[in-house]
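Dear colleague,

Please find below the structure that I am handing over to you. My notes on it follow.

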Amino acid sequence: MATTDVAGAQNGLASGEGPQSDSTNIRTALSADAIAKALLDNLHCRRATTSRLATRTDWYLALAYTVRDRVIHRFITSVESLMRSNKPLKGVAYLSAEFLTGPHLGNSIINLGIWPAVSEAVARHGQDLTDLLEQEEEPGLGNGGLGRLAACYMDSLATLDIPAIGYGIRYEFGIFDQAIREGWQVELTDKWLRFGNPWEIVRSEVTFDVGFGGHTETYHDERGRYCVRWRPERVVKGIAHDTPVPGYRSQAVNLLRLWKAEAAESFDFEAFNTGDYYGAVDEKVASETITKVLYPNDEPEAGKRLRLAQQYFFVSCSLQDMIRLVRVRGWRLKDLHLYWAAQLNDTHPSIAIAELMRLLIDVHGMEWEQAWTITQKTCGYTNHTLLAEALERWPVPMFGRMLPRHLEIIYEINRRFLHEVAVAHPGDQALIRRLSLIDETGDKYVRMAHLASVGSHAINGVAALHTKLLKQTVLADFHKVMPDKFLNITNGVTPRRWIALSNPELSALISRHIGDRWLIDLEDELQRLEPLAGDSDFQAEWRRIRSNNKRGLAQLLKERTGVLVDPGSLFDIQVKRIHEYKRQHLNVLYVVTLYNRLKRQSAAGIVPRTVIFGGKAAPGYRMAKLIIKLIHAVADIVNNDPVVSPLLKVAFLPDFNVKNGQRVYPAADLSEQISTAGKEASGTGNMKFAMNGALTIGTLDGANIEIRDAVGPDNFFLFGLTAEEVERRRHDGYAPRRIYETDAELRETLDLIASGFFSDGDRELFRPLVEALLTSDNYMLLADYRSYVDCQDRVSKTYRDVRQWTRMSILNMARVGAFSSDRSIREYCRDVWHVEPIKIETA
């Protein structure tokens, strides 16, 4: 990262661009001199240490505060510019239970355009910027694609000058740290805040009360209007914690506003004075539990209650804050939808529909019809899944005990909605039952996706196939009665983090040939690489950079796993959440097949391959954990076989996260996107791999379809059943054992696993996995096995032709510009939010 070219690629803005500031002010100036002085000043004044005594953590924190000062300077400029505007401004409230931001330092430096200055400044103090970047703890605020998408969208909103606040939860402990012990996943506490968080600003005065439990009362107000008053049993306070989000080549800085739960009264003196020392802090402990951990295990009743409490807590705080900001500006609350577009990122925030109705009717005295119009015009709903189990439902008794007023509101929404349906579709009681917000087929449940669909003006899927299947399956009845609400907006990822920061050498190469506008206009500018795809000199540079990236990942694997891999081998990578539908075990079946082939035949002509896995399994998901164990069991045999290991290696990178992803995506030759067709909503890992030149092997699922269309069928390794064929197989009576019996290579592979060969003779260890494949095979692994293995043979054959593979790699990157999150956000602004960019003026 120390080369001039790389620094230039990561600079983004010429040094000195940005908000106008005193060039001698060490808090705001962008020169290396000012940053070096500020770094030492923060080391002394914020860390209370000297350069001789400072630890690497001290240096990192001092640098973080130095960069944050400059981000905040832009933020103040943004706020002042917006406040000077006389006309009402519409902004975006992005409500998400997750924001997987990744480390802030590197991204902030790139977006401010000060990479060379910072590199020089830290070097003057004997520090290396790469080491300090590595020191940053990753914020534990998300799990996977949902949270990472939200973070990409926040980056794009600021870059495109769209005023926005991302609303979520400040989890004290994030998604668990993953350790591997004897091949099994072990969950460790993610103490991401143990050294503090230099990026957040605590807004102690921005606080809201959030009620739980209790009962409701009816009364008539002074106008004789029928009213309902909620008397909560307990009240929790939400405290705002802000993180500024700077745009790239933009003066705009938006906010990520996360809520921390605290007790309304944190200490009971009366209980303490009577000797009840634990009781004195009971309320504090109970309240703070709400924001203690990301995604509690919701299998037990207590986990369900906590998860619902988390969702309501952050939604209530966020909506109250949005209303506060409208009133602070002196705007009319009846025009809320003209000032805010609230996007519900999946079903987690869908309680917002009922809470906004409660606030408008019970607190601000609106009539139902007016409040409902405002709610629908304000809210939009993004669905992220086709899996029924991921469409949240809450038991009605539990929901009513926690949120009695909201249950009343939901029943009234449901009554009015079903009346409209009955009028439009008379006599169709089955349709009414399916559309009801309350599932009454057995125990009663509140259907949160139904609530979001009824209460929003727009419902979007996140890939063309996903949206099509939404209309045909899980939300088919809603599409029947309200088709105009549905649209598709394919997901995207930010090129600032996933190319400029993750792959600086490649970024520099691209900028030398086509200029540096591509990072803000990926869709149009990246296409200019196409004429270079066959250029011998450009190809040689491309391969050199990719080789460097692979050596870096090989070193990381050695440090984290002890596995030694050949950087010259084909890096075949599958990193994503571990789930049966994502089919990591199909990849393992291929590895075992390849192992069997290598044991039988000569190594002549075999393409060396390193198969790399990464991802976390949900703590309660036993089959996913067994898949992780199988990966490690197969790796132990393969990697220690003297005949096979020179040609095949298997590695599992533990604790896969954003920081690790920045090392993985640029090093991949082959991107595994092999989910069962019709199961993956979109995927964003597929985009990150392709943007860094990896070729995809995949099914026609999620955004794979659109990626294949973009890069061209000849530059994509396609295999497997289509979504329609999957459904037809199921309908016709799928018999996976028959496939096992007729495919000798598949039978050999499964029998080897079942025999205990990979488990020290223990035939029981992997029996559940093998039996599931032979008896039900819900995700069609055996149906796709032969197609997948044959496709992998085509991969190996193509990889032997170095020039052809390099050409395909370049074309993959050149043609995926449409998968920038900037394009996604432009579509949301145009088709859902109706929001315009607002250029920040520097007065």
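Is Cys-829 buried or exposed? Cys-829 is buried, with a relative accessible area of 8%; buried means under 20% relative accessible area, exposed over 50% and partly exposed in between, with a 1.4 Å probe and protein chains only.

This is a predicted model, in which local features need pLDDT of at least 70 and side-chain atom pairs count only at pLDDT 80 or more, while totals for chains, interfaces and linings use all residues. Residues are numbered from 1 along each chain as its sequence is written, and side-chain values use heavy atoms, with hydrogens and water left out.

With a disulfide defined as a pair of cysteine sulfur atoms within 2.5 Å, the count comes to zero. For Cys-829, the nearest cysteine sulfur belongs to Cys-152 and is 16 Å away.

Helices (H or I, at least four residues) and strands (E, at least two) are DSSP runs, numbered from the N terminus. Helix α23 covers residues 536-561. Among the buried residues of α23 are Trp-542, Arg-546 and Leu-553. Just after α23, Gly-562 takes a positive phi of about 80°.

In strand β10 (residues 340-345), six of six residues are buried. Strands pair if DSSP finds at least two bridges between them. β10 pairs in the parallel sense with β1 (residues 91-95) over five bridges, and in the parallel sense with β11 (residues 379-382) over four bridges. Ala-341 of β10 is the bridge partner of Val-92, while Ala-342 stands opposite Cys-379 in β11.

Technical notes: The expected span of a helix is 1.5 Å times one less than its number of residues.
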